[in-house]
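I opened this model to go through its ligand shell, its domains and its strands. My notes are below.

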Amino acid sequence: MTASSRDIVLSVDGLKTWFHSRDGVAKSVDGVTFDLARGETLAIVGESGSGKSVTSLSIMGLLPKPAGRIEAGKILFRDRGGKHHDLAQASASTLRRIRGAEIAMIFQEPMTSLNPLYTVGDQIAEAVLQHEGGSHAAALKRAQEMLERVEIPAAARRVNEYPHQMSGGMRQRVMIALALACNPSVLIADEPTTALDVTVQAQILDLLRRLQAESGMSILFVTHNLGVVAEIAHRVAVMYAGRVVEDAGVYDLFERPTHPYTRGLLSCIPTAALLASRERLQPIPGNVPSVLALPPGCTFAPRCPIAEPACTQAVPELLPVWPEHLARCIKVTPQ
Ligand SMILES: Nc1ncnc2c1ncn2[C@@H]1O[C@H](COP(=O)(O)OP(=O)(O)O)[C@@H](O)[C@H]1O
Ligand SMILES: [Mg+2]
């Protein structure tokens, strides 16, 4: 896709979300920029602590208050009617209206979002009633249809079950049914398959792909797993210490990773060629910096094999290196 043909529904620009505490200011998200197009899956990939969940919660308006605050940046969302909203500035009532109905989220652990005291059918019906109204019977019928859509066998019986009666994979399907009950245009999936074993994970990824093809929804897929990225993403934004450091189409990213951090990440994946050569995997030396004390300039510089003094002078900009391929590194020259 070329820049002009991507139909952007969600545009995050220079987002900074910080946490204020007695220990200081944690700059968990400190310059996140990406665009999500209609019908597209954008993977946000990065190590644990890089700010992926805080980015998702900022979009949803679900930051823990008052410690977490959006300090700068825009979160432009285009609603069903074509109207643009800056979710970074939106009122609580606008966020409530958009959340669930237009942007929905699923989490790694379904039990944090499912209520153990209600049947799964009642929970899905409740979401439908809250956003669309109508009768309880009609909402329950919709709940059963949603369970069928997410391929839960014997949906007519399972609609009356409680979350604890289901396996982890089935519960994640219920979460997806709940998230999609109001037909949102954007689904944020925060590590939705991380707690599942690999076969169930593959089934859930298949399901999400199929549902996306049917509905044309956009998916922001948060993961630390590059194998999952290769399976599901059209585009990838790589995060490091609260910033997007590279953004490219999925083939392009795996084909010609550009930022030294992305190159390091990719060299950590075992390949057949590597196994055959009997060489060792090369982990990136050093650790992710603390968000309470980010290093100046490029936050990856202290671990970077090609860093030079200029790298610590100023935060590099996220710039195009090829068409549709951006990197935040002064050592990379645009082609
Ligand atoms: N409620 C909070 N209060 C203070 N710091 C937080 C809070 N939530 C997250 N953080 C910090 O923000 C950083 C990014 O967290 P998170 O977005 O959850 O990372 P990821 O999802 O990429 O693993 C972490 O260093 C984390 O400690
Ligand atoms: Mg997370």
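The entries follow in the order in which I looked things up.

**Ground rules.** This is a predicted model: local features need pLDDT of at least 70, side-chain atom pairs count only at pLDDT 80 or more, and totals for chains, interfaces and linings use all residues. Residues are numbered from 1 along each chain as its sequence is written, while chains are lettered from A and ligands numbered from 1 in the order in which they are written.

**Ligand 1.** I began with the shell. A residue is near the ligand if its C-beta atom, placed from the backbone, lies within 6 Å of it. I found 15 residues around ligand 1, and the closest are Phe19, Ser28, Lys52, Ser53 and Val54. Two elements give two or more residues to this shell: β2 (24-37) and α1 (52-60). Helices (H or I, at least four residues) and strands (E, at least two) are DSSP runs, numbered from the N terminus. Which element gives the most? It is α1, with 3 residues. By class I noted 6 nonpolar, 8 polar and 1 charged residues in the shell. Here Ala, Val, Leu, Ile, Met, Phe, Trp, Tyr, Cys and Pro count as nonpolar, Asp, Glu, Lys and Arg as charged, and the others, Gly among them, as polar.

**The sheet with β2.** Next I followed β2 into its sheet. Two strands pair if DSSP finds at least two bridges between them. The sheet is open, with 4 strands in the order β2-β1-β4-β5 and antiparallel pairing. β2 and β5 (84-86) are the edge strands, each pairing on one side only. From one strand to the next the twist averages 5 degrees. I counted 10 bridges in the antiparallel pair of β1 (residues 8-21) and β2. Thr17 faces Val29 of β2 there. Helix α1 lies across β1, β2 and β4 (68-78), at about 70 degrees to β2. Axes are lines fitted to C-alpha atoms, for helices over the stretch in contact, and angles run from 0 to 180 degrees between N-to-C directions. Contact means C-beta atoms, placed from the backbone, within 7 Å.

**Domains.** The bounds come from an automatic or database domain assignment. That assignment gives domain 1 (3-102 + 187-314 + 321-327) and domain 2 (113-183). Their C-alpha centres lie 29 Å apart. The contact takes 12 residues from domain 1 and 12 residues from domain 2. On the domain 1 side, helix α7 (residues 198-215) gives the most, with 6 residues. That side divides into 9 nonpolar, 3 polar and no charged residues.

**Strand β9.** Is β9 buried or exposed? All 6 of the 6 residues of β9 (residues 235-240) are buried, so the strand is largely enclosed by the rest of the structure. Buried means 20 or more other C-beta atoms within 10 Å of the residue's own, exposed means 12 or fewer, and partly exposed is in between, with C-beta atoms placed from the backbone. Both faces are covered: Arg235, Ala237 and Met239 on one side, Val236, Val238 and Tyr240 on the other. β9 pairs with β3 (residues 41-45) in the parallel sense over 4 bridges, and Ile44 stands opposite Ala237. With β10 (residues 243-249), β9 pairs in the antiparallel sense over 6 bridges, and Val238 stands opposite Glu246. β9 and β10 form a hairpin with 2 residues between them, and Ala241 in the turn has a positive phi of about 45 degrees.

**Ala276.** My last entry is Ala276, in helix α11 (residues 272-277). Ala276 is exposed, with 8 other C-beta atoms within 10 Å. Its C-alpha atom is separated by 41 Å from that of Ala293, 17 residues apart along the chain.

Conventions
Two residues are in contact if their C-beta atoms, placed from the backbone, lie within 7 Å.
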